[in-house]
Amino acid sequence: MPAGHVRAGIVHVHSDYSHDGKDSLERLRDFALQRDIAFVGLTDHAEDLTPERFGEYVAKCRALSDDAVRLIPGLEYRFAGYTGLHLLALGLTKWIEPVTPADFIQQTRGVTSLTIVAHPVLARYRIPREVLDGIDAIEVWNASYNTRYLPDPRAIRMLHSLRLTRPTVVGTAGLDQHDGRNDRETRVIIADVTEPLVALKTGRFTNRGRTMHFSSTASMSPMQLRALEAARWTFDKVERTQERVARALAARRARRLVAG
């Protein structure tokens, strides 16, 4: 595949190596081929694997990869006492078992190509200092928790703040996909697909979703960011209203069934 040919990739993807993943690695390869996706950054749940199964996983990713599609093995870690904090290790080449976020930062050095704070909204944006001091990227658009329509302005502000002292940190868009039948359509667009994770780590990519695209630094003027926050607030309010209506209708149907 010639360098300079712009291609799409996806990150934060689960296969059936995760307990809640629906797609085999073979199916994810087909998913990528059908959508002209050059690479799949996998992030299966670390707690669902063993060292032996991880070795099998890495080997299978390698066997299913070629010039058309690369399946890149990676794991998602969570930590006792840190509610909502999930850290991603993409391009992981060695089994690690971090117990704390600090362990993760230390143990991933030299054995992974890209580390990401996933969906910071789940951790209520409370990211430990040791993670902020050592992570490569922040997921500023999680297509599952932020939806496919708009990124997370608070995560973008977190990225901007962190880049004041660590200007190499980038912002990524992730699918958080568990079932390929529901493609939420966020992509990372790069030119050099020979080393996709290097391109991501060095910021040579663009995030693209259904409604907008932006750079790896999520550069936005204050006015643009305020507009995004207003759109996000309105969208979330409408979505919450829809959820309440749906729950009320479901409860009404249940009561009718019980009443006969």
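Ala, Val, Leu, Ile, Met, Phe, Trp, Tyr, Cys and Pro are classed here as nonpolar, Asp, Glu, Lys and Arg as charged, and the others, Gly among them, as polar. The model is predicted: local features need pLDDT of at least 70, side-chain atom pairs count only at pLDDT 80 or more, and totals for chains, interfaces and linings use all residues. Residues are numbered from 1 along each chain as its sequence is written, and side-chain values use heavy atoms, with hydrogens and water left out.

**Pockets**

A pocket is an open set of points on a 1 Å grid over the protein atoms alone, where a 1.4 Å probe fits and protein lies on both sides within 12 Å along at least five of seven lines; lining residues have an atom within 4 Å of a point. Points are joined across faces, edges and corners, and the volume is the space filled by probe spheres set on them. Helices (H or I, at least four residues) and strands (E, at least two) are DSSP runs numbered from the N terminus.

| Largest | about 300 Å³ | nine nonpolar, four polar, three charged |

The largest pocket has 16 lining residues, of which R70, I72, P73, G91 and T93 are the closest to its centre. At least two lining residues come from each of α2 (51-63), β4 (70-72) and α6 (196-201).

The lining of the second largest pocket includes Y125, Y145, R154 and W233. Two or more of its residues come from each of α5 (153-163) and α7 (222-259), and α7 gives the most, with four.

**Aromatic pairs**

Rings of Phe, Tyr and Trp (its six-membered ring) pair if their centres lie within 6.5 Å; planes under 30 degrees apart are stacked, over 60 edge-to-face and the rest tilted. Seven pairs are counted by this rule. The pair F54 and W95 is tilted, because the ring centres are 5.7 Å apart and the planes stand at 55°. F54 is in helix α2 and W95 in the loop between β6 and α3 (101-107), so the pair ties together parts 41 residues apart in sequence. Both residues are buried (under 20% relative accessible area, with exposed over 50% and partly exposed in between; 1.4 Å probe, protein chains only). Ring pairs join F54 and W95 with Y17 and Y57 in a cluster.

**H86**

H86 lies in strand β6 (residues 86-90) and counts as buried because its relative accessibility is 11%. Beyond neighbours within four places in sequence, its contacts (heavy atoms within 4.5 Å) include E76, R78, I116 and H119.
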